[in-house]
Amino acid sequence: MNQPPVSIALEKLNIPHQIFRHETPVDSFEKAASDRGQRPSQIVRTILFRVTEDEFALALVAGPGQISWKILRKLLGKSRITMATEEEVLAVTGYRIGTVGPFGLLRPVRMFIETGVLQEEEVSIGSGMRDTAVIIKSADLKKALGNVDVVELFE
């Protein structure tokens, strides 16, 4: 089987991680967590936002909680932002919605980690491939991302 692009990027950074392949298609957040033997708060969603016509920001969020648009707009210094379209996600990250991880992106983007991500010892992130995740220690995730803003994105 092919190695997921996020795993390849992590190997280049010498960051330990595991690849998890689901036996059946993932159709819900709860199924992803259950299959991986994790709690929903350990599943990290990687969400792309359009800040300006050609500026994007990525938020890593643990669990099913909803990001506060007000907080995100303030962090980005913009009065209006939108979620990236399916086409924009593919063009900026190289990944399809539902597979996006924060490594191996086609374009550099500003990133935020929601504080809840780092409250879990181990999390799973998008691998760049459908029905496949990368399981990683949250400390290793932060180390691999480097100088990234850790922020409270929930109200």
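A91 touches L106 and R107, leaving out residues up to four places away in sequence; contact here means heavy atoms within 4.5 Å. A91 lies in helix α4. Helices (H or I, at least four residues) and strands (E, at least two) are DSSP runs, numbered from the N terminus. A91 counts as partly exposed because its relative accessibility is 47%. The classes are buried (under 20% relative accessible area), exposed (over 50%) and partly exposed in between, with a 1.4 Å probe and protein chains only.

This is a predicted model, in which local features need pLDDT of at least 70, side-chain atom pairs count only at pLDDT 80 or more, and totals for chains, interfaces and linings use all residues. Residues are numbered from 1 along each chain as its sequence is written, and side-chain values use heavy atoms, with hydrogens and water left out.

Now step back to the whole chain. The protein chain has six helices and eight strands. From the N terminus on, their order is α-β-α-β-β-α-β-α-β-α-β-β-α-β. The C-alpha atoms fill a box of roughly 45 × 30 × 30 Å along the principal axes. A compact globule of 155 residues would have a radius of gyration near 15 Å, and the protein chain agrees because its own value is 15 Å. That radius is taken over C-alpha atoms, and the globule rule is 2.2 Å times the number of residues to the power 0.38. Of the 155 residues, 47% count as buried. Take the contacts between residues at least 6 apart in sequence: 60% of them join residues at least 24 apart.

The largest nonpolar core holds 29 residues, and F103, I125 and L141 touch the most other members. Such a core is a set of buried Ala, Val, Leu, Ile, Met, Phe, Trp, Tyr and Cys residues joined through side-chain atoms within 4.5 Å. Elements that each supply at least two residues include α1 (5-12), β2 (44-52), β3 (55-62) and α6 (138-145). Strand β3 gives the most, with four residues. Leaving aside neighbours within four places in sequence, I125 is in contact with V6, V44, P102, F103, A133, V134, I136 and L141. A second, separate core has 13 residues, among them F49, V51, L72 and L76.

Strand β3 also contains L58. L58 counts as buried because its relative accessibility is 1%. Beyond residues up to four places away in sequence, L58 touches T46, I47, L48, P102, L105, V109, R110, M111 and F112. The C-alpha atoms of L58 and T46, twelve residues apart along the chain, are separated by 6.6 Å.

Most residues other than glycine have a negative phi. N14 is not a glycine, yet has a positive phi of about 55 degrees. N14 sits in the loop between α1 and β1 (18-21), and is exposed, with a relative accessible area of 66%. D131, also not a glycine, has a positive phi of about 60 degrees. D131 is in the loop between β6 and β7, and counts as partly exposed at 23% relative accessibility.
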